[in-house]
Amino acid sequence: MSRPLDDVAGRGPGVLGPRPTRRRAREEGARGALIAFASTVLFFGLAVWAILSSPAWPKVQQQFFNPENFAEVFPDVLRGFWLDVRMFLIAEVIILAFSLMVAMIRALRGPAFLPLRILAVGYIDLIRGVPTLLLILILGFGVPALQLRGVPNSPIFWGLAALIISYSAYTAEVYRAGIESVHESQRMSARSLGLTQVQALRFVMVPQAIRNVIPALLNGFVSLQKDVALVYVLGVREGVREAQIYTAKTFNYTSYVVAAVLFLAVSVPVARFTDWYTERDRRRKQAVSV
Amino acid sequence: MTPKLEISGVRKAFDDKVVLEDIDLSVDQHDAVCLIGSSGSGKSTLLKCVNLLVPIDAGRIVFGGEEITGRDVNANDVRKSMGIVFQAFNLFPHMRVIDNITLAPRKVHGVSKEEATERAMSLLGRFDLADKAREYPDRLSGGQQQRVAIVRALAIDPEVMLFDEVTSALDPELIAEVLNVIRELKSEGMTMLIATHEMGFAKDVADRVCFLDAGVILEQGPPEQILGDPQQPRTRQFLQRIVEAGRM
């Protein structure tokens with residue numbers, strides 16, 4: 001019964017002939033790469049050819065991929081996009097810190113911490129149940145309308161506040177999953193050394209938890225990096241807003257493509273990095289457990 | 001002389017499963033008491049009760065003349081002078097050996113980093129681990145990890161040490177190095193409560209041996225008596241099986 005297995009492994013002794021030499025393995029590897037390359041080129045070549053030769057293509061190109069419009073709108077959208085990037089960076093730093101605090105509060109045990117736990121759980125449940133866009137509208141239009149003294153009126157401020165509040169609830173759950181993934185015996189042995197609950201979390205649980213959830217956190221980065229554009233509903237002239245203004249003037253959608261390209265230029269590398277990191281982490285864990 | 005550790009009438013149940021029933025046990029200063037008995041007999045739970053990791057349902061535990069099971073006792077204060085070592089080592093995998101050891105002295109006892117490091121290095125040196133100080137735990141053998149765990153517990157200068165089957169997770173060839181550390185502590189007069197399956201070791205090191213069965217102390221006394229001439233049929237049966245397994 002070993003025949004099929006040997007076949008799959010490609011180096012079974014006996015039945016199917018001699019075990020391949022290293023040279024043969026290398027030749028096979030080279031052949032595999034060649035096939036992969038050829039099939040990829042062929043597949044995407046055909047796809048591009050099909051699109052470009054379709055009767056609708058000139059119209060599509062005119063509307064979405066017009067080089068003149070592209071050149072004209074690029075500086076404006078880029079300037080707006082730069083605002084997106086800055087908003088993202090500010091929000092992300094605050095989210096990472098604030099949500100960690102929420103997750104730690106949620107992880108505290110004992111009756112004395114019940115009110116804090118209720119607060120943390122209530123916050124997470126409530127905010128996760130409300131669309132981010134709605135939160136942006138409520139805070140971004142609602143709070144400035146109150147005209148309270150000493151309270152900022154800037155739509156950027158309130159848009160970011162809404163994003164931070166919304167994303168922190170999700171990120172707190174990511175951290176919580178990480179804390180729960182650390183074995184209970186770690187908490188126990190930290191406590192047995194006399195560390196307080198908070199010290200055990202801070203020095204023992206959280207550092208291990210963060211390592212476990214870095215891929216999930218990076219995923220959140222990608223998501224937020226795009227969602228900052230939602231503040232455009234408050235009239236903030238970020239990338240998408242700039243693109244929309246141009247479209248409204250010219251009835252040409254190339255500006256949207258410009259915005260999409262800019263977002264992709266940031267999010268694709270982050271996504272690739274996340275994959276690479278997750279894979280490396282997985283291999284390391286396997287190496288340790290062997 | 002009042003005992004260093006006195007456990008009286010301790011009862012513990014998880015839901016409706018009784019794990020410890022009416023436990024009376026005392027450990028005098030500089031004595032080593034070994035807890036023996038099959039898995040699930042309550043040895044581990046008893047040690048965790050003493051370390052206040054598991055709250056007891058009834059009875060009291062007095063440590064150094066003070067009751068530690070009262071309502072307003074701060075468990076963190078009690079643990080400042082008590083060390084416990086677990087079966088599964090439980091080192092912190094994200095910290096180097098030296099940081100594992102200096103964490104509690106620095107954060108709980110307020111010792112400066114330099115002083116804590118110096119003391120940790122001298123302890124590591126004593127147990128032949130000085131060259132492992134900068135390693136991460138997963139680079140160490142099981143025996144080395146467990147010795148580091150013992151050093152970590154010793155680093156706070158405890159008045160009593162609790163050992164919870166510290167060799168049960170080790171390869172046979174690594175057991176001796178860990179037991180020798182405990183023997184050395186005994187020779188220095190450390191007060192110890194030790195749950196173990198190693199009967200030969202219990203015979204050497206224990207001043208008293210305590211046989212637990214189904215959450216009850218069936219008999220206790222000097223090691224020669226309990227291991228050599230047990231009175232209870234259940235104890236005899238247990239020891240018989242240990243002998244059959246070739247572990248005594």
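Q: What should I know about numbering and confidence?
A: Residues are numbered from 1 along each chain as its sequence is written, and chains are lettered from A and ligands numbered from 1 in the order in which they are written. Because the model is predicted, local features need pLDDT of at least 70 and side-chain atom pairs count only at pLDDT 80 or more, while totals for chains, interfaces and linings use all residues.

Q: How many helices and strands are there in chain A?
A: Helices (H or I, at least four residues) and strands (E, at least two) are DSSP runs, numbered from the N terminus. Chain A has eleven helices and zero strands.

Q: What does the radius of gyration say about chain A?
A: The radius is taken over C-alpha atoms, and the globule rule is 2.2 Å times the number of residues to the power 0.38. For 290 residues, a compact globule would come out near 19 Å, but chain A has 27 Å. The C-alpha trace of chain A spans about 85 × 70 × 25 Å along its principal axes.

Q: Which domains is chain A divided into?
A: Domain bounds come from an automatic or database domain assignment. Here they give domain 1 (3-51) and domain 2 (76-289) of chain A. Taken over C-alpha atoms, the centres of these two domains are 43 Å apart.

Q: Now chain B: how do strands β1 and β2 pair?
A: Strands of a sheet pair through backbone hydrogen bonds, either parallel or antiparallel. Two strands count as paired if DSSP finds at least two bridges between them. In chain B, β1 (residues 5-14) and β2 (residues 17-27) are antiparallel, with seven bridges. B:Ile7 stands opposite B:Leu25 in β2(B). Two residues lie between the strands of this hairpin, where B:Asp15 takes a positive phi near 55°.

Q: What is the strand order in the open sheet of chain B?
A: The six strands run β6-β7-β8-β3-β9-β10, with mixed pairing. The edge strands, β6 (82-85) and β10 (216-221) of chain B, each pair on one side only. From one strand to the next, the twist averages 15°.

Q: Which way do β3 and β8 of chain B run, parallel or antiparallel?
A: Strands β3 (residues 32-36) and β8 (residues 191-195) of chain B run parallel and are joined by four bridges. B:Ala32 has B:Met192 in β8(B) as its bridge partner.

Definitions and conventions. Axes are lines fitted to C-alpha atoms, for helices over the stretch in contact, and angles run from 0 to 180 degrees between N-to-C directions.
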